Amino acid sequence: MIRAYTLCTGFIELDRASMVSDLAPGQRWTVPVLSFLVDHPRGKLLFDTGVHCQARLDPVGRLGPERVKRLTVKSGEGDDVVPQLARLHLIPDDVRYVANSHLHFDHCGGNEFFPHATFFVQRAELEAARRPGGVPSYSPSPIDFEHALDYRMIYGEHDVFGYGSVVLIPTYGHTPGHQSMVVRAGKGAQLVCASDACYTRENMDRDVLPNVLWNASVMRESLATLRKLRDQAGATIFYGHDPAQWEVTPRAPSPVM
Ligand SMILES: [Zn+2]
């Protein structure tokens, strides 16, 4: 049996217009940072590792002065990935696989706590993140992902267990190699962890992109793919940073699947 759980691995306060670009700037709001634990018979998989604890203790030192101007980490002590896993009575070594949706600080901050896991990251993401001189409109967070970890680069769709139950799908655009995760269990039950391919339900419903992105036309295509999964295939979408959805989402130790 496959079970899936939502974990909240941080909170960030930022301008709402950075996430929904046609809104007037100046409205601050606090959004959750989500991770997901898939408890699969062939191994536990963690999707995203949240914000590193140091980012709330020493924000300028960890995130740099530029990022701190745009956002404030609002997490508490129990919001880091390790204590969140403890809600499920798990320790990092219980996690066999980690998939990073992308390599922004709020999605790979806890990578270093999983030295024995196998990491799945899109080749396009890791190569862009390591490109000397960087890539325009993309700010990866090397302090979070450059550790001695077992990164397996994948290219496009990746069926983790080989029979369609947990599939990583390319949803490029927010970053060069962003990916989302589809989890299927039993008849028809399908959930999609969109991560930052779609920050909030409003982005999808109104077809509005955020300001933070690498390539708008590629991101729009990915958003359309996710919308099809929701509106035509009946999938439940978990948006990347949607406070209203988080309010009504069952939290670990309660499963969402
Ligand atoms: Zn994010």
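Biologist: How are the residues numbered, and what does the model require before a local feature is used?

Modeller: Residues are numbered from 1 along each chain as its sequence is written, and in this predicted model local features need pLDDT of at least 70, side-chain atom pairs count only at pLDDT 80 or more, and totals for chains, interfaces and linings use all residues. Side-chain values use heavy atoms, with hydrogens and water left out.

Biologist: How many helices and strands does the chain have?

Modeller: The chain has 11 helices and 12 strands, where helices (H or I, at least four residues) and strands (E, at least two) are DSSP runs numbered from the N terminus.

Biologist: How do you know what radius of gyration would agree with a compact globule?

Modeller: The radius of gyration is taken over C-alpha atoms, and the globule rule is 2.2 Å times the number of residues to the power 0.38. For 257 residues a compact globule would come near 18 Å, and because the chain has 17 Å, the two agree. The C-alpha trace spans about 45 × 40 × 35 Å along the principal axes of the chain.

Biologist: Why is Thr118 called buried?

Modeller: Buried means under 20% relative accessible area, exposed means over 50%, and partly exposed lies in between (1.4 Å probe, protein chains only). Thr118 has 13% relative accessibility and therefore counts as buried. Thr118 belongs to strand 6 (residues 118-122), and, leaving aside residues up to four places away in sequence, Thr118 touches Arg96, Tyr97, Val98, Asp150 and Arg152, a contact being heavy atoms within 4.5 Å.

Biologist: What makes Asp48 and Ser137 worth a look, and is each of them buried or exposed?

Modeller: Most residues other than glycine have a negative phi, and most peptide bonds are trans. Asp48, however, has a positive phi near 75°, and Ser137 has a positive phi of about 60°. Asp48 sits in the loop between strand 3 (43-47) and helix 2 (54-57), and its 1% relative accessibility is why Asp48 counts as buried. Ser137 sits in the loop between helix 7 (123-130) and helix 8 (142-145), and Ser137 is called exposed because its relative accessible area is 51%.

Biologist: Which peptide bond is cis?

Modeller: The bond from Ala252 to Pro253 is cis, with omega near 15°, and Pro253 is found in the segment after helix 11 (243-247).

Biologist: What share of the residues in the chain is buried?

Modeller: Buried residues make up 56% of the 257 residues in the chain.
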